[in-house]
Amino acid sequence: MPKILIIEDEEAVRENLLDLLEAEDFETIAAANGRIGVHLAISEVPDLILCDIMMPEIDGYGVLTALRQEPSTATIPFIFLTAKSAKSDFRQGMDMGADDYITKPFTRSELLSAIMNRLEKYATLKRYLSPQIVNNNLSPKMQLLEISLHRAIKQHNFQEFEIYYQPIVDIASGKIVGAESLLRWQSPELGMIYPTEFIPLAESTGLIIPIGKWVLKRVCQQIKSWRDAGINSLIVAVNLSAIEFNQPDFIHNLVNFTSVNNLEPHDLEIELTESMIMQDVNSAIATMSKLQSLGVKIAIDDFGTGYSSLIYLKNLPINTLKIDRYFIHNVAKDSQKSAITKALIQMAHNLNLDVVAEGVETEAELGFLRQHNCNSMQGFLFSRPLPAAEFENCLFTNKCLYV
Ligand SMILES: [Mg+2]
């Protein structure tokens, strides 16, 4: 949730603002004067600041000046709150770099719309600014990686990339019911590079957009070729980055790739992480609902490691919960992990969600999951991620989990 700092010396106004913002689920911090306000802004780096103008010691103008000089707080949206309604005060505040100006008394909706406006603009700005910030600090190794990544995409047209498929197996029947698609990059200069290394770079350079599009397109073509070979009812999961998920044409591209390949949207499952959703819950829910109404399945990936937003879970349009490998590793012997995993499975089932356990490596782990009715598993115990042809071989030979 966005964090808002309120700097206001009048207690009644401050309490009123706190109540109002907390009722809207904002995280709030408050300062009773300008000096504390500046300290809190620097130590807490809030997402937005509401600040009174008339205060003893440091007034609102002084707070704004101090924060604009500090790199970590310089771009935080800053809204003045004041009883003064004279035009000259308004201009002075805006000229000093305030983002907005609300005159007291204000209505609840005036306040909230000013806040939401600023938060949205700030989120967009951060997305555009972060690539440059990251690039300036790249180590020589990362610079080489970046050059190679550009070349692999622009000149070599993705030939160095390959999509691997890790089987997802129904625990009760032992049958393969799906696969998670995983990107691999075999660079001639740098060798095999895993997504954990190049995806953050791809995100910071914006290359994630063409990469994500390529993955989605290739996966759809692959499902089509399996359909043509007589393999039905296989769901293929695709991992998405926050940047791709927030692209305005993402759904359009997805619909396009499925329809040109004559696929049903329910052949695809999109994997999102908790943190991606929590960045902007409302807009994430809107996109997820749109995807779900098309028939695309949605999974929450690596569940349990992020915000563990159990309360939100019931409001999210999702189909599947993937329990992070951390909880599965040694689950049968670790009493804390087994208690958490058991509760997660039960909770997910109460919400009518399918549960996939990630990173299953031993018979004991599988035994525990089977005993507690976990729906599916994925992990080295059954298979590592495989090139498409090898995965296909598992399907044609009816490779099954020992039941
Ligand atoms: Mg995943």
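Is Asp52 buried or exposed, and how many C-beta neighbours lie inside 10 Å? Asp52 has 25 C-beta neighbours inside 10 Å and therefore counts as buried; a residue is called buried if 20 or more other C-beta atoms lie within 10 Å of its own, exposed if 12 or fewer, and partly exposed in between, with the C-beta atoms placed from the backbone. The model is predicted, so that local features need pLDDT of at least 70 and side-chain atom pairs count only at pLDDT 80 or more, while totals for chains, interfaces and linings use all residues. Residues are numbered from 1 along each chain as its sequence is written.

**View 1. The two domains of the protein.** The protein is divided into domain 1, residues 3-135, and domain 2, residues 140-396, with bounds that come from an automatic or database domain assignment. The centres of domain 1 and domain 2, taken over C-alpha atoms, are separated by 39 Å.

View 2. Asp52 is found in strand E3, residues 48-52; helices (H or I, at least four residues) and strands (E, at least two) are DSSP runs, numbered from the N terminus. An unreviewed UniProt entry carries the annotation "modified residue: 4-aspartylphosphate" at Asp52, and such annotations may be inferred rather than shown by experiment. Leaving aside neighbours within four places in sequence, Asp52 is in contact with Ile7, Glu8, Asp9, Gly60, Leu81 and Thr82, where contact means that the C-beta atoms of two residues, placed from the backbone, lie within 7 Å.

**View 3. The open sheet that includes E3.** Five strands form an open sheet in the order E2-E1-E3-E4-E5, with parallel pairing; two strands pair if DSSP finds at least two bridges between them. At the edges are strand E2 (27-31) and strand E5 (100-103), each of which pairs on one side only. From one strand to the next, the twist averages 20 degrees. Strand E3 pairs with strand E4 (residues 78-82) in the parallel sense over four bridges, and Leu50 stands opposite Ile79 in E4. Helix H1 (residues 11-23) lies across strand E1 (3-7), E2 and E3, and runs at about 170 degrees to E2, whereas helix H2 (residues 34-44) lies across E1, E2 and E3 and runs at about 165 degrees to E1. For these angles, axes are lines fitted to C-alpha atoms, for helices over the stretch in contact, and values run from 0 to 180 degrees between N-to-C directions.

View 4. In helix H10 (residues 250-260), the buried residues are Phe250, Leu254, Phe257 and Thr258. They cover an arc of only 95 degrees around the axis, which puts them on the same side of H10; the arc is that of the directions from the helix axis to the C-beta atoms. The cover over these buried residues includes helix H8 (208-228), helix H9 (242-245) and strand E10 (268-273), while His252, Ser259 and Val260 are exposed on the other side of H10.

**View 5. The hairpin of E6 and E7.** Strands E6 and E7 form a hairpin with five residues between them, and Gly174 in the turn has a positive phi of about 80 degrees. The two strands pair in the antiparallel sense over nine bridges, with Gln166 opposite Glu180 in E7. Lys175 lies in the loop between strand E6 (161-170) and strand E7 (176-187), and counts as partly exposed because it has 17 C-beta neighbours inside 10 Å. Lys175 and Leu401 are 226 residues apart in sequence and 6.5 Å apart in space, C-alpha to C-alpha.
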